[in-house]
Amino acid sequence: MLSGILNSDIAIQVNISIIREFVHRQRFLDSNKELSIKMKELEKAITRHDEKINRIFQSIKMMLK
């Protein structure tokens, strides 16, 4: 995001590179639907695990009080 607001040649090139990589990733995933489905499943699994880990830490904090 910072490269988008900085006004220098390097920042502009970095911003263009980032956008190109996002486009490349999306095209790759679009061309391989099975991989796309697996990536979405992985993102959901990570989110579920993050929620469970947060609940564990909250429980530990409550027990320590």
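Surface patches are made of residues with over 30% relative accessible area and no salt bridge; like charges are joined within 9 Å, and nonpolar side chains (Val, Leu, Ile, Met, Phe, Trp, Tyr) within 5 Å. Accessible areas come from the Shrake-Rupley method with a 1.4 Å probe, and for residues only the protein chains shown count as cover. The model is predicted: local features need pLDDT of at least 70, side-chain atom pairs count only at pLDDT 80 or more, and totals for chains, interfaces and linings use all residues. Residues are numbered from 1 along each chain as its sequence is written, and side-chain values use heavy atoms, with hydrogens and water left out.

The chain holds 3 helices and 0 strands. Both kinds of element are DSSP runs, numbered from the N terminus (helices: H or I, at least four residues; strands: E, at least two). The order from the N terminus is α-α-α. The radius of gyration is 19 Å, well over the 11 Å from the globule rule for 65 residues, so the chain is more spread out than a compact globule. This radius is taken over C-alpha atoms, and the rule is 2.2 Å times the number of residues to the power 0.38. Along the principal axes, the C-alpha atoms fill a box of roughly 55 × 35 × 10 Å.

Of the 65 residues, 8% count as buried. Buried means under 20% relative accessible area, exposed means over 50%, and partly exposed lies in between (1.4 Å probe, protein chains only). The accessible surface of the chain comes to about 6300 Å². Carbon and sulfur atoms account for 62% of that surface.

Ile53, Ile56, Phe57, Ile60, Met63 and Leu64 make a nonpolar patch of about 660 Å². Ile60 belongs to helix 3 and is partly exposed, at 37% relative accessible area. A patch of positive charge gathers Lys33, Lys40, Lys44, Arg48, Lys52 and Arg55. Arg55 sits in helix 3, which spans residues 33–64.

The chain carries 12 positive and 8 negative side chains, with the centres of the two sets 7 Å apart. Lys and Arg count as positive, Asp and Glu as negative; His and the chain ends are not counted. Each charge is placed at NZ of Lys, CZ of Arg, CG of Asp or CD of Glu.

A salt bridge needs a side-chain nitrogen of Lys or Arg within 4 Å of a carboxyl oxygen of Asp or Glu. The count is 1. Glu43 and Arg25 form a salt bridge at 3.9 Å, N to O. Glu43 lies in helix 3 and Arg25 in helix 2, so the pair ties together parts 18 residues apart in sequence. Glu43 is partly exposed at 44%.
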